Amino acid sequence: MQNNYRDELFLGGSSTINKEFPNSTSVKSIDYNRVTKTLMVVYRKPEVVYSYHGVPEETVYELIAAPSAGKYLADHIKKGGYPYHYVGATVANQVSVPTSY
């Protein structure tokens with residue numbers, strides 16, 4: 001049976017999705033704000049953070065379920081034409097992501 005990410009991620013009515021990708025060589029983690037439709041991506045090498053704006057919730061579910069997070073991100077989000085900007089580099093493996101992104 002396939003994991004139902006919608007049920008798993010939104011128990012309790014959370015307005016955000018936070019997901020780590022321990023097996024990905026390119027994506028460390030994501031934070032998604034359902035209200036603003038902003039996807040924050042922490043890349044592994046180098047450890048930098050980018051935000052992508054106007055990303056549909058369904059696209060985030062597909063990213064989480066994809067066999068390769070890095071490939072999905074490149075093919076569907078980077079090439080998808082979503083506005084983005086560089087947020088910054090991580091410091092000692094810590095990223096301070098604003099709560100109102």
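Good morning. Of the 101 residues in this protein, buried residues make up 40%. The model I am presenting is a predicted one. Its accessible surface comes to about 6,100 Å², and carbon and sulfur atoms account for 52% of that area.

I begin with the overall architecture. The secondary structure consists of 3 helices and 5 strands. Along the sequence, these elements follow the pattern α-β-β-β-β-α-α-β. Turning to contacts between residues at least 6 apart in sequence, 48% of them join residues at least 24 apart.

The largest nonpolar core contains 21 residues. Those with the most contacts inside this core are I30, L39, V41, V60, L63, L73 and I77. Which elements give two or more residues to this core? They are the strands β2 (27-33), β3 (38-43) and β4 (48-53), together with the helices α2 (57-65) and α3 (69-78). As an example, consider L63. Setting aside residues up to four places away in sequence, L63 touches F21, I30, L39, A69, Y72, L73 and I77.

I now come to the aromatic residues. The structure holds 4 aromatic pairs. One of them is formed by Y50 and Y84, a tilted pair with 6.1 Å from centre to centre and 55 degrees between the planes. Because Y50 belongs to strand β4 and Y84 to strand β5, this pair ties together parts that are 34 residues apart in sequence. As for accessibility, Y50 is partly exposed at 24%, whereas Y84 is exposed, with a relative accessible area of 55%.

Y84 also pairs with Y52. This pair is likewise tilted, at 5.9 Å centre to centre and 35 degrees between the planes. Here too distant parts of the chain are linked, with Y52 in strand β4 and Y84 in strand β5, 32 residues apart. Is Y52 buried or exposed? At 3% relative accessibility, Y52 counts as buried, since the cut-off for that class is under 20%. Finally on this topic, Y43, Y50, Y52, Y84 and Y86 form one aromatic cluster.

Apart from neighbours within four places in sequence, V87 is in contact with M40, V49, Y50 and S51. For V87 and S51, the sequence separation is 36 residues, while the C-alpha to C-alpha distance is 6.6 Å. With a relative accessible area of 37%, V87 is partly exposed.

I close with two points of backbone geometry. Most residues other than glycine have a negative phi, and most peptide bonds are trans. What is the phi of K37? K37 has a positive phi of about 60 degrees, although it is not a glycine. This residue sits in the loop between β2 and β3. K37 counts as partly exposed, at 34% relative accessibility.

P46 lies in the loop between β3 and β4.

Thank you for your attention.

Terms used. Residues numbered from 1 in each chain as written. Predicted model: local features only at pLDDT ≥ 70, side-chain atom pairs only at ≥ 80, totals over all residues. Heavy atoms only, no water. Core = buried A, V, L, I, M, F, W, Y, C linked by side-chain atoms within 4.5 Å. Buried < 20%, exposed > 50% of the residue type's maximum accessible area, 1.4 Å probe, protein only. Helix = DSSP H or I, 4+ residues; strand = E, 2+ residues; numbered from the N terminus. Contact = heavy atoms within 4.5 Å. Phe/Tyr/Trp six-rings, centres within 6.5 Å; stacked < 30°, edge-to-face > 60°. Areas by Shrake-Rupley, 256 points an atom, 1.4 Å probe, with all protein chains shown as cover.
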